[in-house]
Amino acid sequence: MARAQDTAADTTDTAAAGEDTAVTGGGAALGYEQARDELVDVVRRLEAGGTTLEESLALWERGEELAKVCRHWLEGARARLDASLAEEREGSGREE
């Protein structure tokens with residue numbers, strides 16, 4: 001479990017800054033779609049069963065890391081949308 005905590009702590013959110021990738025604990029840059037697709041595969045493998053306890057734990061930890069990357073991307077997208085809407089509202093207020 002310490003590995004999952006270390007990996008999660010290393011996950012960097014770059015989506016809020018408008019960049020195209022998020023960096024996972026392993027140093028690999030992942031976009032939202034790539035992280036989501038890998039997460040779907042992890043869930044499929046866990047649901048299929050047939051893995052050892054160690055393999056299942058490793059898959060679970062990877063799934064947690066990928067879910068965090070996806071969540072950061074979505075939060076970054078929400079922040080950008082909110083900022084854009086706020087700018088639009090401010091611009092509308094000045095025209096009146």
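Some ground rules. Residues are numbered from 1 along each chain as its sequence is written, and side-chain values use heavy atoms, with hydrogens and water left out. Because this is a predicted model, local features need pLDDT of at least 70 and side-chain atom pairs count only at pLDDT 80 or more, while totals for chains, interfaces and linings use all residues.

Confidence comes next. pLDDT is the predictor's confidence in each residue, from 0 to 100. The protein chain has a mean of 80, with 68% of its residues at 70 or more. Helices here are DSSP runs (H or I, at least four residues), numbered from the N terminus. Helix 1, residues 2-10, has the lowest confidence, a mean of 38, and helix 2, residues 32-48, has the highest, at 98. Over residues 1-20 pLDDT stays under 50. Where pLDDT is low, the predicted coordinates should not be read in detail.

Now the core. A nonpolar core is a set of buried Ala, Val, Leu, Ile, Met, Phe, Trp, Tyr and Cys residues joined through side-chain atoms within 4.5 Å. Buried means under 20% relative accessible area, exposed means over 50%, and partly exposed is in between (1.4 Å probe, protein chains only). The largest such core has nine residues, among them Leu-39, Val-42, Leu-59 and Trp-73. Helix 2 and helix 3 (53-95) are the elements that give two or more residues to this core, and helix 3 supplies the largest share, five. Take Ala-35: leaving aside neighbours within four places in sequence, Ala-35 is in contact (heavy atoms within 4.5 Å) with Leu-30, Leu-66, Val-69 and Cys-70.

On to charges. How many salt bridges does the structure hold? There are five, each being a side-chain nitrogen of Lys or Arg within 4 Å of a carboxyl oxygen of Asp or Glu. One joins Glu-38 and Arg-62 at 2.7 Å, N to O. Glu-38 is in helix 2 and Arg-62 in helix 3, so this pair ties together parts 24 residues apart in sequence. Arg-62 also meets Glu-65, at 2.6 Å, and Glu-38, Arg-62 and Glu-65 are linked in a network of salt bridges.

Is each of these residues buried, exposed or partly exposed? Glu-38 is partly exposed at 26%, and Arg-62 is partly exposed at 22%. Glu-65, at 7%, counts as buried.

Lastly, within helix 2, Arg-44 and Asp-41 meet at 2.4 Å, three residues apart, about one turn of the helix.
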